[in-house]
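Hi,

Here is the structure I promised to send over. Please load it first, then read the notes below it.

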Amino acid sequence: MRAAVQHEIGQDKLEVHDDVEAVGFGPGRVRVRVRATGLCHSDLSAMSGVLPQPAPFVPGHEGAGEILEVGDGVSHVKPGDRVVVCWLPACGICPACKRGQTELCLAGFMNAGTPNFKRPGGDVFGFAGTGTFAEEVVVDAGCAVPIPDDVPFDIAALIGCGVTTGLGAALNTADVEAGSSVAVIGCGGVGISAIQGARLKGAAEIVAVDPVASRREAALRFGATKAVSPDQLADAKQSVTGGEGFDYVFEVVGKSATARTAYDNTRRGGTLVVVGAGAMDDFLQLNMFELFFDEKRILPSMYGGGDVLRSYERTVALWRAGRIDLEGLITHRVPLAEINEALDQMRTGTALRTCIEI
């Protein structure tokens, strides 16, 4: 089968091979025919080495498709079922799961060190234990979440990561208060989803911050009340909040510099939500006096900060009701053979989400 492979960390291009085999099928596992997958910035971070990932590997973790085969003991799906790939399935029995914090379950991360594929030259890993830039993938049964037949594969793929992460940051982690002021720094697919979440919660002012003009324009269509470039944020803070700072600031870039900017633009007693996934050697510096004196809440948001399965169901319900726009997030579509074009679209900021049709 075909799959896009990164042979060494640091390479900026993928190679599409047709001699890749999905491996690991057996009891408690399922084989999925991937039909659509989104390109998430985390894929680029894994390729560059910002996020740890053994190589060679197949990137991709935001996918949807249909079940081809189920192993012994799998009863919640059957061949032909439509599923979204969940890269962080909950085991249900660890301390985090028992506390109801299933997004903190580590069981899914354990899969990242086991090869998902092989080629004549040896083993190939799948990013985040999945690897959806491939025609087929074998994953734990918990990674295959059934979706209704009326949800298109491209929409389902977005729900698998970016939309769940952004919406959840606003709805679950921040629990944005109606009438509040919000700023979102970084307006790709995840940031736009956070904007939609803040709008759903009734935020009065939502300022989108991004250096790319097309993303700022898109943010306004999705619910932002104002869109500015990073060097205009200080003026927006003054005009919207009288200089006090925003009630909620979402950092959706994953860099200490933007997290510091987010902190500085959060009002005293306000909430900074860290959504972006950054590098282990990129440190955010805060002094002990400001932490005490400002009383700002700093809330990291992992995968939307809530139960993933419930979040999927909520997202489908909101989409069906017309309360959120998912179709509009897909600005570009490319076949797997043109995967490197999709990478360029994300690096330049021309795409909110590129759908890779497989």
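β11 gives the most to the lining of the second largest pocket: three residues. This is a predicted model, so treat what follows as computed. β11 spans 144–146, and α11 (308–320) also supplies at least two lining residues. The lining has 14 residues in total; nearest the centre of the pocket lie Pro89, Ala90, Gly142, Val145 and Leu309. By class, the lining splits into 10 nonpolar, three polar and one charged. The space in this pocket is about 180 Å³.

Next, the aromatics. The whole structure holds three aromatic pairs. One is Trp87 with Tyr303, stacked at 4.7 Å centre to centre and 25 degrees between the planes. These two sit 216 residues apart, so the pair links distant parts of the chain. Trp87 is in the loop between β7 (82–85) and α2 (95–98), while Tyr303 is in the loop between β17 (297–300) and α11. Buried or exposed? Trp87 has 13% relative accessibility, so Trp87 counts as buried. Tyr303, at 3%, is buried as well.

Another stacked pair is Phe289 and Phe293, with 5.2 Å between centres and 15 degrees between planes. Both belong to helix α10 (residues 288–294), four residues apart, or about one turn of the helix. Phe289 is exposed, at 53% relative accessible area. Phe293 counts as partly exposed, at 40%.

Phe293 has a charged neighbour too: Arg268 lies over the face of its ring, 4.1 Å from the ring centre. Arg82 lies over the face of Phe153, at 4.1 Å from that ring centre.

Best wishes

Note on methods. Residues numbered from 1 in each chain as written. Predicted model: local features only at pLDDT ≥ 70, side-chain atom pairs only at ≥ 80, totals over all residues. Heavy atoms only, no water. 1 Å grid on protein atoms, 1.4 Å probe; cavity = no way out; pocket = protein on both sides within 12 Å on 5 of 7 lines; lining within 4 Å. Points joined across faces, edges and corners; volume = space filled by probe spheres on them. Nonpolar A, V, L, I, M, F, W, Y, C, P; charged D, E, K, R; others polar. Phe/Tyr/Trp six-rings, centres within 6.5 Å; stacked < 30°, edge-to-face > 60°. Buried < 20%, exposed > 50% of the residue type's maximum accessible area, 1.4 Å probe, protein only. Lys NZ or Arg CZ within 6 Å of the ring centre and 35° of its normal.
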